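Me: I am new to this structure and would like to learn how its features are read. May we go through them one at a time?

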Amino acid sequence: MRKAVVILIVFGILSLALAVSLQAGSKYKPVPVYQYWNPTGNDHFYTQYFDEFEYGHPEFGTFEQVAFCVLPPEFSNGAMLYRYWNPKLQDHYYTVHLNVYPDGTKSSDWVSEGNVGQVLKAPSNMSGAEGKRIQDLGLVPLYCYYNQEKKDHYYTLDKSELGDGTYGWKLDK
């Protein structure tokens with residue numbers, strides 16, 4: 001029996017999540033990434049450790065959902081998904097690029113908080129043979145949005161949720 005899970009794949013700065021079929025008993029188990037919302041700090045926070053905050057924490061907000069899944073850090077064929085925190089903006093940012101930060105911010109503004117797990121790399125040409133193979137698997141992107149007013153990054157698998165940008169959210173390309 002095959003089980004569908006969501007795993008990230010990466011296009012440049014933007015991550016692309018893939019629903020990949022893995023055989024039961026696979027060596028690498030997908031790791032869920034939990035989404036929290038902190039209305040006080042206007043910050044979406046993502047962690048692979050539900051036990052850290054369970055259904056809520058004053059500093060990190062209220063549990064909303066399992067946002068996506070990653071592969072564990074010991075997976076060797078992917079890229080690490082890094083988590084950064086900007087205390088001035090009260091914002092978390094997730095990227096596969098070590099020490100690369102959102103436009104308009106300085107490296108000194110961001111503090112590394114380690115990684116969330118491994119993600120898969122997408123081919124640079126999605127119209128090529130490898131891109132077709134990925135599409136044939138029914139893989140879906142993980143979209144990153146930024147809200148300038150809230151100073152917050154938000155990640156979703158459902159582009160129809162915010163489209164190319166709405167309600168102050170802009171698709172981060």
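Me: Which order do the strands have in the open sheet of three strands?

Reply: Please bear in mind throughout that this is a predicted model. In the open sheet of three strands the order is β11-β10-β12, and the pairing is antiparallel. β11 (152-156) and β12 (169-171) are the edge strands; each has a single partner strand, so one side of each has no neighbour in the sheet. On average, neighbouring strands of this sheet are turned by 35 degrees against each other, direction ignored.

Me: Over how many bridges do β10 and β11 pair?

Reply: Strand β10, residues 143-147, pairs with β11 over five bridges in the antiparallel sense.

Me: How many helices and strands does the chain hold as a whole?

Reply: The chain has two helices and twelve strands. Read from the N terminus on, the elements follow the pattern β-β-β-β-α-β-β-β-β-β-α-β-β-β. Of the contacts in the chain with a separation of 6 or more, 54% are between residues 24 or more positions apart.

Me: What share of the residues is buried?

Reply: A residue counts as buried when its relative accessible area is under 20%. In this chain of 173 residues, buried residues make up 46%. The accessible surface of the chain comes to about 9,400 Å², and 52% of that surface belongs to carbon and sulfur atoms.

Me: How should I read the two faces of a strand, and which residues of β8 lie on each side?

Reply: In a regular strand, side chains alternate between the two faces of the sheet. In β8, D91, Y93 and T95 are on one side, while H92 and Y94 are on the other, and all of these are buried. The strand, residues 91-95, is thus described as mostly covered, with five of its five residues buried.

Me: Which strand pairs with β8, and in which sense?

Reply: Strand β7, residues 79-86, pairs with β8 in the antiparallel sense over five bridges. Across this pairing, W85 stands opposite H92 in β8. The two strands form a hairpin with four residues between them.

Me: Which residues touch the most other members of the largest nonpolar core?

Reply: In soluble globular proteins, nonpolar side chains tend to be buried together. Here the largest nonpolar core has 29 residues, and those touching the most other members are Y46, F68, V70, L81, Y94, Y145 and Y155. Leaving aside residues up to four places away in sequence, Y94 touches F45, Y46, L81, Y82, R83, V116 and Y155.

Me: How many disulfides does the structure hold?

Reply: A disulfide is a covalent bond between the sulfur atoms of two cysteines. The structure holds zero disulfides. As for individual cysteines, C69 is buried, with a relative accessible area of 14%, and C144 is buried as well, at 6% relative accessibility.

Me: Where is Q65 found, and which residues does Q65 touch?

Reply: Q65 is part of strand β6, which covers residues 61-70. Not counting residues up to four places away in sequence, Q65 touches V33, Y34, Q35 and Y154. Q65 and Q35 are 30 residues apart along the chain, and their C-alpha atoms are separated by 5.4 Å. With a relative accessible area of 34%, Q65 is partly exposed.

Me: Where is L157 found?

Reply: L157 lies in the loop between β11 and β12. L157 is partly exposed, because its relative accessible area is 26%. The C-alpha atoms of L157 and C144 are separated by 9.0 Å, with the two residues 13 apart along the chain.

Definitions and conventions. Residues are numbered from 1 along each chain as its sequence is written. This is a predicted model: local features need pLDDT of at least 70, side-chain atom pairs count only at pLDDT 80 or more; totals for chains, interfaces and linings use all residues. Side-chain values use heavy atoms; hydrogens and water are left out. Buried means under 20% relative accessible area, exposed over 50%, partly exposed in between (1.4 Å probe, protein chains only). Two strands pair if DSSP finds at least two bridges between them. A nonpolar core is a set of buried Ala, Val, Leu, Ile, Met, Phe, Trp, Tyr and Cys residues joined through side-chain atoms within 4.5 Å. Contact means heavy atoms within 4.5 Å. Axes are lines fitted to C-alpha atoms, for helices over the stretch in contact, and angles run from 0 to 180 degrees between N-to-C directions. A disulfide is a pair of cysteine sulfur atoms within 2.5 Å. Accessible areas come from the Shrake-Rupley method with a 1.4 Å probe; for residues, only the protein chains shown count as cover.
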